[in-house]
Amino acid sequence: MDKKKKPPQTPTVKPRYTLTQTMAMFSTEDACKTYIRDLRWPNGVVCARCKDTNVHEVAKKPFHWQCRKCNKNGYRFSVITGTIFENTKYPLVTWFQVAYLMCQSKKGMSALQIHQQIGSGSYETAWYMCTRIRAAMKNETFEKLIGEVEADETWIGGKDSNKHLSKRIGKRGNTVGKTMVIGAISRKGNVVCQMIEGAGFNTFDSFVRETVSQKVTLVATDESPGYRHLGAHGFVHRTVNHTQNQYVVGSTHTNTIEGFWSLLKRGIVGSYHKVSKDYLPLYLNEFTFRYNHRNDPDIFRALLSRV
Ligand SMILES: [Zn+2]
């Protein structure tokens with residue numbers, strides 16, 4: 001027996017579905033519609049408009065129902081009414097493939113890469129689908145972060161992509177064409193971030209107060225004056241002084257959120273090359289969603305239940 005061979009590790013997380021499995025499961029429009037129907041209405045179909053349970057299937061039109069409470073002649077709706085798939089001519093099979101690819105790619109995939117992978121439709125189609133899926137990835141049921149939390153800001157975009165420059169230069173130096181993003185991360189949990197325009201220092205404080213529970217055991221930040229009132233707002237707040245090359249003092253550091261920033265930046269530089277301010281919030285949705293579902297064995301289902 002070859003001693004060098006390590007015994008196979010027991011996976012701690014259930015393996016995710018492969019592309020082949022996913023494509024086999026969702027190879028027909030009916031299979032996709034059944035999946036959406038059961039995700040949307042696990043306890044039976046309700047009206048897409050008024051939520052009434054008294055709905056009737058439309059004869060000879062599968063996945064269509066009507067509700068007489070909304071309209072006495074019957075309000076008609078289908079399984080995709082009110083979802084991101086509504087009013088599109090693209091097959092659900094294609095939508096599902098795009099959604100799968102966007103869930104699985106850690107660094108993100110550009111519309112061009114998606115277009116090449118699915119091998120059908122136009123680039124514009126792929127771009128449209130990606131944009132709608134990113135919008136659906138937005139966290140609608142936000143819960144404040146708990147545990148040990150780090151908060152930090154960074155600059156995205158602009159011409160300066162020199163990775164050798166220290167982050168400090170990005171923060172205090174030339175910020176022309178860049179957009180500020182602020183984020184908070186629970187060390188063992190979720191990340192939340194948002195784009196900031198016209199950053200006033202009040203913004204940092206209020207962002208933390210909106211996103212972080214006051215019951216956290218620690219909020220770690222750098223020395224930026226934007227966070228100076230956190231203590232007065234009841235947070236256990238400790239700082240490291242990056243301008244003096246102080247990065248870790250005991251449990252006080254911002255390494256977790258720096259890790260998320262580098263994932264985001266590598267993804268944006270590698271896959272999207274250039275991100276305009278208009279679309280940056282959508283990319284933040286995408287990277288946040290994937291990060292927050294990094295241990296979710298069925299991230300695909302998590303995404304599809306938001307559409
Ligand atoms: Zn109704």
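The protein, seen here as a predicted model, contains ten helices and eight strands. Of its 307 residues, 28% count as buried, and among the contacts between residues at least 6 apart in sequence, 58% join residues at least 24 apart.

Two of the helices, H3 and H4, pack with their axes 10 Å apart and at an angle of about 125°. The crossing in which H3 passes H4 is right-handed. On the side of H3 the contact is made by Thr94, Gln97, Val98 and Leu101, and on the side of H4 by Ile114, Gln117 and Ile118; by class, these comprise four nonpolar and three polar residues, with no charged residue.

The strands include an open sheet of five, ordered E6-E5-E4-E7-E8 and mixed in its pairing. E6 and E8 are the edge strands, each pairing on one side only, and neighbouring strands of the sheet are turned against each other by 25° on average, direction ignored. Within this sheet, E4 and E5 pair in the antiparallel sense over nine bridges, and one of the residues involved, Ala151, has Ala184 in E5 as its bridge partner. Helix H9 lies across E4, E5 and E6, and runs at about 170° to E6.

| Element | Residues |
|---|---|
| Strand E4 | residues 148–157 |
| Strand E5 | residues 178–186 |
| Helix H9 | residues 280–292 |

Notes. Residues numbered from 1 in each chain as written. Predicted model: local features only at pLDDT ≥ 70, side-chain atom pairs only at ≥ 80, totals over all residues. Helix = DSSP H or I, 4+ residues; strand = E, 2+ residues; numbered from the N terminus. Buried ≥ 20, exposed ≤ 12 C-beta atoms within 10 Å, placed from the backbone. Contact = placed C-beta atoms within 7 Å. Axes fitted to C-alpha atoms, helices over the stretch in contact; angles between N-to-C directions. Left-handed = near helix turned anticlockwise from the far one by under 90°. Nonpolar A, V, L, I, M, F, W, Y, C, P; charged D, E, K, R; others polar. Pairing = 2+ DSSP bridges.
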